[in-house]
Amino acid sequence: MMHSLRIPVDASQIVSLASGDQVLITGRLYTARDAAHQRLIDLIDSNKPLPVDLAGQFLYYTGPTPPRPGMAIGSAGPTTSSRMDRYTPKLIAESGLRGIIGKGNRETAVIEALKRHGCVYFAATGGAGALLGKHITEARVVCYEDLGPEAIYELNVVDFPAVVAIDVRGRNIYVDGPGEWGGRKQEK
Amino acid sequence: MKTVAFNRIVDAVRDLCVRAACDLPADVLDGLNNAFAAERSPQGRAALSHCIDNAAIAATERMPICQDTGTAVFFVTVGSECRISGGLLGDAINEGCRQGYRRGFLRPSIVGDPLFDRKNTDDNTPAVIHYDLVHGDSLTITLLSKGGGSENMSALRMLKPADGKEGVVAFVVETVAKAGGNPCPPVIVGVGIGGTADTASLLAKRALLRNVGSHHHDARFRELEEEILRHVNTTGNGPQGLGGLVTALAVHIETFPCHIASLPVAVNLNCHAARQATVEL
């Protein structure tokens, strides 16, 4: 099934998304990788406010290439999500995130947090950064500029293609997909 | 004796960095097209079509194929009749890398200290450089732009000689299966067998330089490549690990003699955005 999502996405539409569904995402979202996550978690642990309000927002795990002159951004595909696993349950619980975009499977604790707080994990195609960069029309650094490509950016995305990887019921395409296709051979 | 000027190497490496980042090699693109023809899972087909379209966009718009423009891993072959004037070869390669990543709008992805500071060097240096000394006056430089997602799924196991072929197959298939979607499948599986722990790891990396669809010259290893590929492609991981029939485009094995007590096996995976470029000077 194909959904068009406009951020902010309301709770009923989040619940309607099922693992395996294709989506096109439009709206503003934030980027963060490992180093930015560490800083966000340090703020949460010391009871300080986050530099961006993530309530109801989407987070995209990417570290883009620098834009060529006249372009919004360079190549900007997803990075491996599992590196963020140790931060994600707390970040979801404390920030009210509604969606996360990355690639690859997540730990059980992340899946439990997604279910408990009504957040969806999407997978974008890794290694397709040029194509995905074309769906990003604006980019600006919000904070942590010193981290270079690991800074937090605000992006405007239009019809950004992704697949629902783990839905709010905890159904997980990284388990169900290989389960369905495992043991089958290619036809010659 | 041939003389190659320092600055000529700098310029060549600078161009090589951009070429590797933006132009997917034809054999890899052929592999992706064959994968698309063989794949039946809807999510797998969607991902593969993204990968194929992405290669065209990258080539025509000079955008990097992937935002992770990688660790710059150089394989350099230097003839005994070739000398470099004006500086050290390694310095020229690093200067070319610095200029290529900065001027080519590639992402600097290297931190200077791996554990404590982890501060970005901002120009993707230092490069990783492997040298081979050969007869003649040639100077050939190959750049493998190696992404972190696939490199993080590398594995080394010191098998017992008695583990034999079955042990090798089981270890390689287990490594690819466990990696799931992290290394951006369909992957190219580099396998190094023999030598010492360090040799096996380098062999596995070197195996990634071979053309997709090429085979080991020894029929026994060729059959082993084909056997591992069949097993890997029945794990069901599929493109991006979302489920499907094509988990790997190829398995490449490289070998070296080893100690009577040892059977080292290393696995180095490359993502479907398997980027490399070569220049001869």
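Author: Let us begin with the radius of gyration, which is taken over C-alpha atoms; the globule rule for it is 2.2 Å times the number of residues to the power 0.38. The structure shown is a predicted model, in which local features need pLDDT of at least 70 and side-chain atom pairs count only at pLDDT 80 or more, while totals for chains, interfaces and linings use all residues; side-chain values use heavy atoms, with hydrogens and water left out. Residues are numbered from 1 along each chain as its sequence is written, and chains are lettered from A in the order in which they are written.

Reader: What radius of gyration does chain B have?

Author: Chain B has 19 Å; a compact globule of 281 residues would have a value near 19 Å, so the two agree. The C-alpha trace of chain B spans about 55 × 50 × 40 Å along its principal axes.

Reader: How many helices and strands are there in chain A?

Author: Helices (H or I, at least four residues) and strands (E, at least two) are DSSP runs, numbered from the N terminus. Chain A contains 6 helices and 7 strands, and their order along the sequence is β-α-β-α-β-α-β-α-β-α-β-β-α. The radius of gyration of chain A is 16 Å, close to the 16 Å of the globule rule for 188 residues, so chain A is as compact as a globular protein of that length. Chain B, for its part, has 8 helices and 10 strands.

Reader: How is the size of an interface expressed?

Author: It is often given as the accessible area lost when the parts come together. Here, buried area is the accessible area (1.4 Å probe) that two parts lose on being put together, summed over both. Chain B and chain A bury about 3,600 Å² between them, with 59% of it on carbon and sulfur atoms. Of the area that chain B buries against chain A, B:Met63, B:Gln67 and B:Phe105 supply 19%, more than any other three residues. Counting contacts (heavy atoms within 4.5 Å), 46 residues of chain B touch 49 residues of chain A.

Reader: Which residues form a salt bridge between the two chains?

Author: A salt bridge is a side-chain nitrogen of Lys or Arg within 4 Å of a carboxyl oxygen of Asp or Glu. The count between chain B and chain A is 1: B:Glu61 pairs with A:Lys134, their closest N and O atoms being 2.7 Å apart. Helix H3 (residues 42-61) of chain B gives the most to the side that touches chain A, with 11 residues.

Reader: Into which domains is chain B divided?

Author: Domain bounds come from an automatic or database domain assignment. This gives domain 1 (2-20 + 65-146) and domain 2 (149-275), whose C-alpha centres lie 26 Å apart. In chain B, 14 residues of domain 1 are in contact with 13 residues of domain 2, and the area buried between these domains is about 1,100 Å². B:Phe75, B:Leu144 and B:Lys146 supply 50% of what domain 1 buries there, more than any other three residues.

Reader: How many salt bridges does the rule find across the interface of domain 1 and domain 2 of chain B?

Author: The rule finds 2 salt bridges across that interface. The side chains of B:Lys146 and B:Glu151 meet in a salt bridge, at 2.9 Å from N to O.
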